[in-house]
Amino acid sequence: MQYLKRLAFYPLVLLFLHSILAYHLTQGFSAPLRILALALAAAGYLYYNISPAAKQPKASSRSQSILIGGCELIAASGFFLAAQIVLYACIGFSRLEVKTSVLAANAVFSAVFIVVLLFSGMIRVAATSKQLGAVPRIAMFLVWWVPIVNIAVLWNVWKTARDEYRFLRGKRLLNEGRRADEICKTRYPLLMVHGVFFRDWKHFNYWGRIPKELIANGAQVFYGNHNSALAVEQSGEELKARILEITRGTGCEKVHIIAHSKGGLDARYAVSRLGMDAHVASLTTVNTPHRGTPLAEKLLSLAPDKLAAAVGRQYGKIFAKLGDDECDFLGSVNGLTPEVCGKLNEIMPDKEGVLYQSVGSMMRAASGAGPPLNAGYAIIKPMGGDNDGLVCTDSMAWGECLGILRPQGKRGISHGDMIDLTRKNVPGFDVCEFYVRLAADLKEKGL
C-alpha cells in the first residue's frame, strides 16, 4: 500500500517534468484549464520533493524516514530520466509534429528538475546515513553527471542506505516487541571491560552501539574505567577496585564481566588472584588471547629496543592527556606474548562458582578490515592460522567455548567488529543482537 501511495504522485511529477511539451500538445484545450493542470502538477512535484516517501510506521524514527525518502528520490530520478528517454524515443517514431525548439526546451527543463530530485535524495542520504563511508559520499556528488560511472556509484549508495533503513527499522520493531520482557535484565549488572590501548570515553564508547542495545532490553551496564596500557597484574588490580566500587555502590553482590581482548586476561587475573571470585558471577571473554598472540612476539622482535621505548614514551604522553594515570606500553605488549600468557595461565586457575565462557571470531582475508588489523591478519596467518587481525582463533577459547564466529562471505568478523568499533553493519552478523543474546542467556540461567 505504501508503494501505491508513492506511485500515485508519479503521473503528477511526470506531467510537471514535461510541462512545456504538455502545454504545446494540449493547445486544443482552454488556457485556464491547461494552466490549472500544470499548477497541480507543479504542486505535486514540490510535495513529492519535500515528502518523497509514504508516511513511515512508528518503527521508524525521523532520521530513518529522511533516509528512506532519500533512497526514494535517488531511485525516482533514475526512473524519470528513463521515462524521458522513452518518451522522446516514442515521439521520434510517431507522426507527432513537435517543434525542435519545444523538444529542446522541454528536455532542458525536465533534466534540471530531475537533477533537483537527485540532489535532494543525495543530500538526505548523506545527512542521515551512518553506514555510508566518506568515499561514496564524496563520489556521488563528484560523478553524478558521468554516464555509467554515476549508475554504479549511485546504485551502491542507494543499496547501502536502503539496507541500513531496513536493518534499523527491523531492530526497532524487535526491541519494541520485547521491551516488556526485559530479556537482558540479569540478576547481577554487566561490567564491560575494554581491551588494550583504549579507554572508556564518554563521547566515544569502546563498545559502539552495544551498550545502548543492552540497556534498551533491561540491562544495567557499567564500565571498567581502567587505564589503557598496563601489565595484566596492574590492570587486574584496577578492575578489582572497580568491581568493589560497583558492588558497594549498588548493593549488588556480584557482577557479570564481559571482557574483550586483553580485558579478558585482566579480568581472569582479578578473579583468580585477587579474590574477586566472590564478586563475579560469570566471566565472558571475547576474542581474548588466552594463550597469547604471535603478533605481539613478532612486533617485539622486529622493533629495536630504542624505537620501542620511544614509541612507549610517546604513547604515555598522549594517553596521559586523555585520562591515563599511568601507562606501560611495552609491558602491555609483552604481556600478550605466548610465553608470558602461558606463565599467567599457570597461576590463574579457574575459580569454582564462577561461570567461565568465551567466544571468538575470524577474518577470511586481509581485506576484511582496515589498518592495522589487515596487516595483523597477514602477519599472523602464516604463523598461527585463522585469526581476527590480532588474535589466533586457537587462543580464544577458555571455559565453555560458545564458538568461533564464521559468517558467510569474504569479509569475516574482525577483532574490532566484535566490539562494534567502526559502527558498521557486518553482513550476516548483528553484533548488538549477539550481546543481547549473551545477556539473555545469563538471565535464563538464573544469573
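Analyst: Gly208 sits in the loop that runs between E1 and helix H9 (210-216); helices (H or I, at least four residues) and strands (E, at least two) are DSSP runs, numbered from the N terminus. The model is predicted, so local features need pLDDT of at least 70 and side-chain atom pairs count only at pLDDT 80 or more, while totals for chains, interfaces and linings use all residues. Residues are numbered from 1 along each chain as its sequence is written, and side-chain values use heavy atoms, with hydrogens and water left out.

Gly208 is buried because its relative accessible area is 13%; buried means under 20%, exposed over 50%, and partly exposed in between, with a 1.4 Å probe and protein chains only. Leaving aside neighbours within four places in sequence, Gly208 is in contact with Ile419, Asp420 and Arg423, contact being heavy atoms within 4.5 Å. Asp417 is 209 residues from Gly208 in sequence, yet their C-alpha atoms are 9.7 Å apart in space.

Next, the empty space. Rolling a probe the size of a water molecule over the atoms shows where empty space is left. A search of the whole structure finds 2 cavities of 30 Å³ or more. A cavity is a set of points, on a 1 Å grid over the protein atoms alone, where a 1.4 Å probe fits but cannot get out, and its lining residues have an atom within 4 Å of a point. Grid points are joined across faces, edges and corners, and a volume is the space filled by probe spheres set on the points.

The largest cavity holds about 60 Å³. Its lining includes Arg209, Phe167, Phe429 and Val431, and the lining residues divide into 5 nonpolar, 1 polar and 3 charged. In this count Ala, Val, Leu, Ile, Met, Phe, Trp, Tyr, Cys and Pro are nonpolar, Asp, Glu, Lys and Arg are charged, and the others, Gly among them, are polar. The second largest cavity holds about 30 Å³. His194, His226, Lys262 and Asp266 are among the residues that line it, and this lining has 3 nonpolar, 6 polar and 2 charged residues.

The largest nonpolar core has 35 residues, and Leu191, Ile243, Val255, Ile257 and Val280 have the most contacts inside it. Such a core is a set of buried Ala, Val, Leu, Ile, Met, Phe, Trp, Tyr and Cys residues joined through side-chain atoms within 4.5 Å. Elements that each supply at least two residues of this core include strand E1 (190-193), helix H10 (232-250), strand E3 (255-260) and strand E4 (280-286). Another core, of 27 residues, lies apart from it, with Val431 and Ile413 among its members.

In E3, 6 of 6 residues are buried. Val255, Ile257 and Ala259 point one way from the strand, and His256, Ile258 and His260 the other way. E3 pairs with E1 in the parallel sense over 4 bridges, where two strands pair if DSSP finds at least two bridges between them. E3 also runs parallel to E4, joined by 6 bridges. Ile257 stands opposite Leu191 and also opposite Leu283 in E4. Ile243, leaving aside neighbours within four places in sequence, is in contact with residues including Leu191, Val255, Ile257 and Val280.

Methods
On a 1 Å grid over the protein atoms alone, a cavity is a set of points where a 1.4 Å probe fits but cannot get out, and a pocket is an open set with protein on both sides within 12 Å along at least five of seven lines; lining residues have an atom within 4 Å of a point.
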